[in-house]
Amino acid sequence: TGKYYDETKNSCEPCPKNSFTISGATDISGCVPCEDGGHSQPGSGYCEKCPAGKYYDEAKNACQECPRNTASISGASDLSGCNA
């Protein structure tokens with residue numbers, strides 16, 4: 001789960017962040033990008049969305065709390081998803 005076979009390295013490598021695979025992929029094209037609003041850690045077997053009140057911080061590859069007096073719906077893909 002979360003890995004693909006890299007023929008040049010002759011080994012299994014983790015799918016890049018924000019992509020996933022449920023079973024071992026034969027190459028990197030088997031790593032499926034997350035849907036809009038979704039994210040994943042490298043080597044993940046699934047994507048997830050940030051819960052309401054949080055947004056996805058690309059630099060930290062994690063969900064962060066919306067600033068004070070703002071809120072978001074589930075799946076806010078960046079800080080602009082937090083609104084007063």
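1. Tyr55 stands opposite Gln64, a residue of strand β8. The structure discussed in this note is a predicted model. The pair belongs to an antiparallel arrangement in which four bridges join strand β7 (residues 54-57) to strand β8 (residues 62-65).

2. Strands β7 and β8 form a hairpin, and four residues lie between them. Within that turn, Asn61 has a positive phi of about 50 degrees.

3. The next points concern the cysteines. The count of disulfides comes to four. When the bonded cysteines of the protein are numbered in sequence order, they pair as 1-2, 3-4, 5-6, 7-8. Three of these links are described below.

4. Cys50 is bonded to Cys63, with an S to S distance of 2.1 Å. The torsion about this S-S bond is about -95 degrees, so the disulfide of Cys50 and Cys63 is left-handed. Cys50 lies in the loop between β6 and β7, whereas Cys63 lies in strand β8; the pair therefore ties together parts that are 13 residues apart in sequence. Cys50 is buried, because its relative accessibility is 0% and the buried class covers values under 20%. Cys63, by contrast, is partly exposed, with a relative accessible area of 27%.

5. A further disulfide joins Cys34 to Cys47, with 2.0 Å from S to S. This link of Cys34 and Cys47 is left-handed, with -80 degrees about the S-S bond. Cys34 lies in the loop between β4 (32-33) and β5 (38-39), and Cys47 in the loop between β5 and β6 (48-49), so the bond ties together parts that are 13 residues apart in sequence. Cys34 is buried at a relative accessible area of 15%, while Cys47 is partly exposed at 27%.

6. Cys66 and Cys82 are also joined by a disulfide, with an S to S distance of 2.0 Å. The value about the S-S bond is -70 degrees, and the link of Cys66 and Cys82 is left-handed. Both Cys66 and Cys82 lie in the segment after β8, so this pair ties together parts that are 16 residues apart in sequence. Cys66 is buried, with a relative accessible area of 11%, and Cys82 counts as buried at 10% relative accessibility.

7. Cys12 counts as exposed, at 51% relative accessibility.

Methods:
Residues are numbered from 1 along each chain as its sequence is written. This is a predicted model: local features need pLDDT of at least 70, side-chain atom pairs count only at pLDDT 80 or more; totals for chains, interfaces and linings use all residues. Side-chain values use heavy atoms; hydrogens and water are left out. Two strands pair if DSSP finds at least two bridges between them. Helices (H or I, at least four residues) and strands (E, at least two) are DSSP runs, numbered from the N terminus. A disulfide is a pair of cysteine sulfur atoms within 2.5 Å. Buried means under 20% relative accessible area, exposed over 50%, partly exposed in between (1.4 Å probe, protein chains only).
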